[in-house]
Amino acid sequence: MHVNRRTAQVLATVAGAALLLPGCTGTSGSTKGADAKAPDDPSQVSGDITVLTVRTDLVQDGTMKKYAAEFNKTYPKVKVKFQALTNYEAEIKIRMNTDDYGDVLLIPAIIKKNDYPKFFASLGTTAERSKKYRFTDFTAVDGKVYGQSPVGVMPGFVYNKRVWKEAGVTEWPTTPAEFLTDLKAIKAKTDAIPYYTNFAAQWPLTSWTYVDGAVHCDPRATTKLAEGDPWAEGSDLRVGDTLLYDIVKQGLAEKDPTTSNWEESKPRTAKGEIATQWLGTWAIIQFQDAAKKAGVNPDDIGFMPFPAQTGGAFCATVGPDYNQAVNVHSPHKEAARAWIDWFTDKSGYDKDNLAISPLKDAAMPEVLKPYEAAGVKLIELDDTAGAKVKLIDDESEVGIYKPDYRQDLVDLARGARKGSLDDFLGGLGKKWTGTQANVDH
């Protein structure tokens, strides 16, 4: 399956979406909330439902229709219609002011977490759902869960295994210093660009925020963002941002980042013209598809964790993609709930996208078998402080979920902006902690 650029953007920023922007303009919805109960008898569930999606590609190529046809084998009386929104966040923001925002939708970043019961019907209790599914606390309010992601995503380096091997590197680097040494070997021994920032597309730079938690294997990483300076000495974000700075500063990235091209970077990585990019598991299938189209080996595309170990093991954070929810105003809540359950549990959407299943007992996708072999520890971040982090981020105008500050960081590293890295990161820390103090009072 092909995932288009805009979908990739959505997937790349999903952890940001999961943390939720403050300040919703929506006024509709009752504060009482409602439940969307799981149906007892599939043959008796009926109604026409509209499912909103960002997957314009899958609606256009008929894939979503195929999913609906499979769904109808279990739920023959439910008619599913899809609406793919090209600029999802902007379009849904307007619709959230009315009652008409589909029967099933993706929880938008604009809605405050505490307001979920006004807009969405509950899918059940956290206690009950957390037995079966991952990521339940990302949409939990007062012990009830309001959304379910059909796939899990994990940040990491998409890389060309053949190029790394040609450079003489056969083991994953375990420290940022080792990673830089490996990129230097790629520059010296191959024709590939060692690392590609995808600066011009902007959004790929935001994925550097998702090193948070992986560097020190800390499930409380999000809480720490809410409580202290994200760029304190040795902190995850400082380690990540310093590595990005060093890559560019040492001439290991594309010559002119301002002319980088996201779509072109896929076949170029597949062909070995680019060696490495920091993205996420969602990108693997796109790069493998690009390899097939270019007539090169899709198995050359690999995925590696951030170069840091805790207790001798790599760590990687796993989080939800966009969460599907039931509109609290839907007249067909049972049918909408049936779709979410089926799409999560039975559709195979996770396998079709080589993604991590949200089902706790599901096997890892084939492409992540090297993670299992290397004993990479997968951790889920505690999202209790997620809404507060978003609030601080927004009010401080630092923008850890926006591309601007990392574009400034790249500009600083390539000499297009004056100043030192310490002053730059120190300035971000001051803005953040200053806002934090105000939010606390």
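Two strands are taken to pair if DSSP finds at least two bridges between them. Strands (E, at least two residues) and helices (H or I, at least four) are DSSP runs, numbered from the N terminus. The structure is a predicted model, in which local features need pLDDT of at least 70 and side-chain atom pairs count only at pLDDT 80 or more, while totals for chains, interfaces and linings use all residues. Residues are numbered from 1 along each chain as its sequence is written, and side-chain values use heavy atoms, with hydrogens and water left out.

S5 is joined to strand S7 (residues 144–145) by two bridges, and Thr125 stands opposite Lys144 in S7.

Strand S9 (residues 155–160) has six of its six residues buried, so the strand is largely enclosed by the rest of the structure. Here buried means under 20% relative accessible area, exposed means over 50%, and partly exposed lies in between (1.4 Å probe, protein chains only). S9 pairs in the antiparallel sense with both strand S10 (residues 276–280) and strand S11 (residues 301–304).

| Strands | Bridges | Sense | Residues opposite |
|---|---|---|---|
| S5 and S7 | two | antiparallel | Thr125 and Lys144 |
| S9 and S10 | five | antiparallel | Pro155 and Gly280 |
| S9 and S11 | four | antiparallel | Val158 and Phe303 |

**Second largest pocket**

The second largest pocket holds about 400 Å³ of space. Its lining comprises 18 residues, of which Tyr159, Lys161, Thr170, Trp172 and Pro370 are the closest to its centre. Helix H8 (161–166) and S11 are the elements that give two or more residues to this lining. A pocket is an open set of points on a 1 Å grid over the protein atoms alone, where a 1.4 Å probe fits, with protein on both sides within 12 Å along at least five of seven lines; lining residues have an atom within 4 Å of a point. The volume is the space filled by probe spheres set on the points.

**Disulfide**

The whole structure contains one disulfide (a pair of cysteine sulfur atoms within 2.5 Å). Cys217 and Cys315 form this disulfide, with their sulfur atoms 2.1 Å apart. Cys217 lies in the loop between helix H10 (203–206) and helix H11 (221–227), and Cys315 in strand S13 (residues 313–317), so that the pair links distant parts of the chain, 98 residues apart. The torsion about the S-S bond is about -75°, so the disulfide is left-handed. Both Cys217 and Cys315 are buried.
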